[in-house]
Amino acid sequence: MRKWKSLFTIAATAVAVLATSSLARADKLQDVLGAGKLRVGILTDAAPWGFKDDKGEIAGLDADLAKLIAGDMGVKLELVPVTGAARIPSLLSDKIDLLIAGLGATPERAQQVMFSQPYAVVNLGVYGAKSLASATGKKPDNLEGRTVAVAKGTTLDVWLTDNAPKVKLVRFEDTPAAIAAYLAGQADSFAENSAIAIKVQEQNPTKEVELKFLIRQSPAHIGVRQGEQNLLNWINTDIFTNKLNGKLGALQLKWFKEEQTLPTL
């Protein structure tokens, strides 16, 4: 009798532990709806994705998309500035609920983050003056011996390090610093995505910004923490809905000057 009583106690304790664990693992979608507020991580130094406008307010494609999502969700929006290096750590430490920051999907990042369907797509490449030779093939041979300014730790930095060992990379803490170095003549070229390159040309019409080497196409995704499947499902549904109703296309046209055909994840 004591044996059965002991087994019953152990089983009951195990059930209680599992129940407590389940309660502790709150659903992020329900958390956001319950709080009535959505916290979104946004870059503020990467126009046209996210930047500070003349009034000091956060603007850009990512900011507009965050407003659209919060509106569809029926909650207030809190934009939380993040840096490129702190994007994923901010999400993992629960400082934000979503990450909308020009985030590209990679196998390494997918170990920590779940990615939505793409909401925009750009080309990753190296940009420079017209006088700098352009690559004719898939290898950046034209860049050998040239200096390329790049933001440290980015996808571009990693790719060039692995695939263009003869290129002289000059690494900077962030994108604005890398671009400033190119504009100041401290580097022959800079590595970035096409949306940022277009913005650089618009803001510096006397400076030549031409694609010298195309690395690859890079879709941008919204990021959520691993395991938040309900939130991810809702986001994917919202992206799909706004593709159909034309609202996402209008944002792409506003910030990228063209409406895009998006790949699927």
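A46 faces G50 of strand 3 in this predicted model, where local features require pLDDT of at least 70, side-chain atom pairs count only at pLDDT 80 or more, and totals for chains, interfaces and linings use all residues. Residues are numbered from 1 along each chain as its sequence is written, and side-chain values rest on heavy atoms, with hydrogens and water left out. Strands 2 and 3 (residues 50–52) run antiparallel and are joined by 2 bridges; strands (E, at least two residues) and helices (H or I, at least four) are DSSP runs numbered from the N terminus, and two strands pair if DSSP finds at least two bridges between them. The open sheet they belong to has 3 strands in the order 2-3-4, with antiparallel pairing. Its edges are strand 2 and strand 4 (58–59), each pairing on one side only.

Turning to helix 6 (residues 175–183), T175, A178, I179, A181 and Y182 are buried, that is, under 20% relative accessible area with a 1.4 Å probe, protein chains only. These buried residues fall within an arc of 155° seen down the axis, so they line one face of the helix; the arc is taken from the directions from the helix axis to the C-beta atoms. Their cover includes strand 2 (45–46), strand 8 (120–128) and helix 7 (194–203), contact meaning heavy atoms within 4.5 Å. Just after helix 6, G185 adopts a positive phi of about 80°.

I100 touches, among others, V40, L65, Y119 and I222, leaving aside residues up to four places away in sequence.

How values were computed: Buried means under 20% relative accessible area, exposed over 50%, partly exposed in between (1.4 Å probe, protein chains only).
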